[in-house]
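Dear colleague,

A short account of the findings follows it.

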Amino acid sequence: MAQVPQTFDAPAVRTWCGLALRALGRAREEIDAINVYPVADGDTGTNLYLTVESAAAAVEAVFAAHEVGGGTGGADGTSSGPSLADAARAMAHGALIGARGNSGTILAQLLRGMAQVFAADGDRAHTDGRGLCLALRRAADSARQAVAHPMEGTVLSVASAAADAATGAEGDCGTVALAAYEGACAALAATPGQLAVLERAGVVDAGGRGLVAVLAALVETFTGRTPEQGASPSATAVAADGRPVVPHARACATEDDGPGACAPPASGPAFEVIYLLDAEDAAVARLRERLDGLGDSLVVVGGDGLWNVHVHVDDAGAAVEAGVEAGRPHRIRITHFGAGDAHTGGSGRPHRERAQRAVVAVVPGEGLAGLYTEAGATAVLARPGEQLASGELVEAVRRAHAHEVVLLPNDPELRHTASAAAEQARGEGVRVALIPTRSAVQGIAALAVHEPGRRFDEDVVAMTSAAGATRHAEVAVAERQSWTTAGICQAGDVLGLIDGDVAVIGSDVAATAETVLDRMLSAGGELVTLVLGDEAPDSIADRLQTRVRETYLAVDTVVYQGGRQGALLLIGVE
């Protein structure tokens, strides 16, 4: 049996994140199927998975940075690795910026509470069972404080029970973790008696079920064994076609129920609004009061200037405006609860037939997202300076709801992430083809020849060929001094990159773009695609179109507005 840690240290945090991610991956569909509170939108398992995936990625980044930085602590010069506080803070920060949904946001605060206890010990390499007890207690208390109106029978009850059980345990981290897990299991089983909506549906709380999976991973971290589990506590039913029965519909299926015995939940807010917020503590306190008056399911987590805000409202614009008044909101996500969601008064969600084929594409700006969507693709908006998680791509494949999916990463850095997402989607029965597009303009070329009516293999070959025949370039501003393939650039220089390599260093955006375009067209071309970023000069499109028209015969030009895409300009030549 593999050696397991006896104390909680940075490698244990790393192991826990990996095991928790795998556990949630296995339980995701089960948890999604029992999601009835606060909104029956069937995504709690997915949201928890994406939250932990972001936490795990942040922890891996800390270890990788330490290896690159060559942190040495031993007499032999070997790397001492990050401290427990470093790893725990990274885990909490990753969860905070990647938190999805109500349960994901609460889980982020649970992890933050634990990290605060570990950080209070300074740079200690590890903590013991007593330290883990204190961390679980702080986690439960801070999560409850983050929720505007805490309800029993939810993940909060499960977290509190885990902390209570851990406090009564004596021993090493494995003993404490097992006690917390067993306390959480008992609390989870009791949730239907605490929330009527769970009792009607015959299920336990979905968020609590997810936390039990995370605590099971904690036990495995210290013991090397998954704790024994009885039959699945979720109590989901399965229809004849293999799909999980919507809990509300199942609860009302018997003729013996009297009138109103299973009335649908009262209608509620139509939108879920989530955003990160840069703001001071005092401003956040005022924001809580403002948002509490606008809707429900309010959870505000974070601290030290960075917060994650989650709320359900009817006026999404007002919720975002409240964030603007408090500080700087970013990474804004607004989701409309469909007519079939219990929260909007629907009596169940109709089964949507799968499309035969769909395209899922990563795009760098809102303008391109609109363009891809109009062309029939499911667009995933990339975030400048942040790597997408594979779970986000898998979620997009599921959202496309098709038997066959063509995946366009549009970024060489996403090749491995997209490959992992494709493999996971294939495991769920979706036929996925990954076309290794390196730029959004290559994706546009591929999408232009997409024909859903022809054979899948033929369509993929045609799209791959179109993408491969498109050279790509971008014009951007250097952020720092650096060595490039075209020489040394200084901060503020304009860079022209062709097929991923710096080919031109200049001082003027339009002049640099002209030079890049001339080099690309020197090898021939029939169509030039220009995608303008928000900060591109107003006259650059006209100048480049004139250049093409006057210098290159029979070459057409199309221009799109890309929005906040990172680069000033994207160029494609087919």
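The notes below cover a strand pair, a helix contact and an aromatic pair.

This is a predicted model, in which local features need pLDDT of at least 70, side-chain atom pairs count only at pLDDT 80 or more, and totals for chains, interfaces and linings use all residues. Residues are numbered from 1 along each chain as its sequence is written, and side-chain values use heavy atoms, with hydrogens and water left out.

Helices (H or I, at least four residues) and strands (E, at least two) are DSSP runs, numbered from the N terminus. Strand 9 (residues 402-408) pairs with strand 10 (residues 431-434) in the parallel sense over four bridges; pairing requires at least two bridges found by DSSP. Opposite Arg-431 of strand 10 stands Glu-404. Between strand 9 and strand 10 the chain passes through helix 15 (residues 415-427), in a right-handed β-α-β crossover (clockwise from the first strand over the helix to the second, with the strands pointing away from the viewer).

Helix 18 (residues 509-521) and helix 19 (residues 540-551) have axes that come within 10 Å and cross at roughly 30° (axes are lines fitted to C-alpha atoms over the stretch in contact, with angles from 0 to 180 degrees between N-to-C directions). Among the residues that meet are Leu-517 in helix 18 and Leu-544 in helix 19 (contact means heavy atoms within 4.5 Å).

Phe-8 and Phe-118 form an edge-to-face aromatic pair, at 5.1 Å centre to centre and 75° between the planes (centres within 6.5 Å; planes under 30 degrees apart count as stacked, over 60 as edge-to-face, the rest as tilted). Phe-8 lies in strand 1 (residues 8-9) and Phe-118 in helix 4 (residues 101-120), 110 residues apart.

Yours sincerely

Definitions and conventions:
Rings of Phe, Tyr and Trp (its six-membered ring) pair if their centres lie within 6.5 Å; planes under 30 degrees apart count as stacked, over 60 as edge-to-face and the rest as tilted.
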